[in-house]
Amino acid sequence: MPSREDAASLSAMLSLLADPTRSRVLYALDVVEELCVGDLAMALEATEDAVGYALRLLRTAGFVTSRKDGRVVFYRLADGFPGPLREHCLRQLVELSRQVADGEG
């Protein structure tokens with residue numbers, strides 16, 4: 001059984017990923033190495049405010065990093081972003097949610 005601290009960390013991570021905009025931002029940055037807020041907003045069909053807020057939370061959690069090029073800020077997955085989380089958990093959860101939506105699960 002996980003400790004209270006481990007359970008709290010897991011819960012915090014899962015709640016961070018539970019937001020559709022934040023999870024889609026992570027997917028987009030997994031596919032394209034680096035994007036600015038405007039490009040992410042266009043790709044996700046979301047407002048720049050929603051994407052900016054998602055990026056702020058993801059950056060605070062250590063999932064994404066940013067770099068500034070003139071007036072434009074580009075975001076990418078952090079070097080320490082957990083590979084297994086990206087490769088297995090995120091992709092498998094999408095497939096599982098599709099199966100449940102299709103009535104297969």
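Arg67 stands opposite Phe74 in strand β3 of this predicted model, in which local features need pLDDT of at least 70, side-chain atom pairs count only at pLDDT 80 or more, and totals for chains, interfaces and linings use all residues. Residues are numbered from 1 along each chain as its sequence is written, and side-chain values use heavy atoms, with hydrogens and water left out.

The secondary structure of the protein comes to five helices and three strands; helices (H or I, at least four residues) and strands (E, at least two) are DSSP runs, numbered from the N terminus. From the N terminus on, the elements follow the order α-α-β-α-α-β-β-α. The protein has 105 residues, of which 26% count as buried, where buried denotes under 20% relative accessible area, exposed over 50%, and partly exposed the range in between (1.4 Å probe, protein chains only). The accessible surface comes to about 7100 Å², and 53% of this area belongs to carbon and sulfur atoms; such areas come from the Shrake-Rupley method with a 1.4 Å probe, and for residues only the protein chains shown count as cover. Among the contacts (heavy atoms within 4.5 Å) with a separation of 6 or more, residues 24 or more positions apart account for 49%.

The three strands form an open sheet of order β1-β3-β2 with antiparallel pairing. Its edge strands are β1 and β2, each of which pairs on one side only. Two strands are taken to pair if DSSP finds at least two bridges between them. Strand β1 (residues 35-36) is joined to β3 (residues 72-77) in the antiparallel sense over two bridges, and Cys36 has Phe74 of β3 as its bridge partner. Strand β2 (residues 64-69) is linked to β3 by six bridges, again antiparallel. In this pairing, Thr65 is the bridge partner of Arg76, and Ser66 that of Tyr75. The hairpin of β2 and β3 has two residues between the strands, and Gly70 takes a positive phi near 70° there.

Helix α2 (residues 20-31) lies across β1, β2 and β3 and runs at about 90° to β3. Axes are lines fitted to C-alpha atoms, for helices over the stretch in contact, and angles run from 0 to 180 degrees between N-to-C directions. The twelve residues of α2 reach 17 Å from the first C-alpha to the last, close to the expected 16 Å, the expected span being 1.5 Å times one less than the number of residues. Buried residues of α2 are Arg22, Ser23, Val25, Leu26, Ala28 and Leu29. An α-helix has 3.6 residues a turn, so residues three or four places apart point the same way. At the start of α2, a side-chain oxygen of Asp19 comes to within 3.1 Å of the backbone nitrogen of Thr21.

Helix α4 (residues 48-60) contains Thr60. This helix lies across β2 and β3, running at about 115° to β2. Thr60 counts as exposed because its relative accessibility is 67%. The side chain of Thr60 reaches the backbone oxygen of Arg56 at 2.9 Å.

How values were computed. A polar contact is a pair of N or O atoms within 3.5 Å; within protein, one must be able to donate a hydrogen and the other to accept it, and residues adjacent in sequence count only if both atoms are side-chain atoms.
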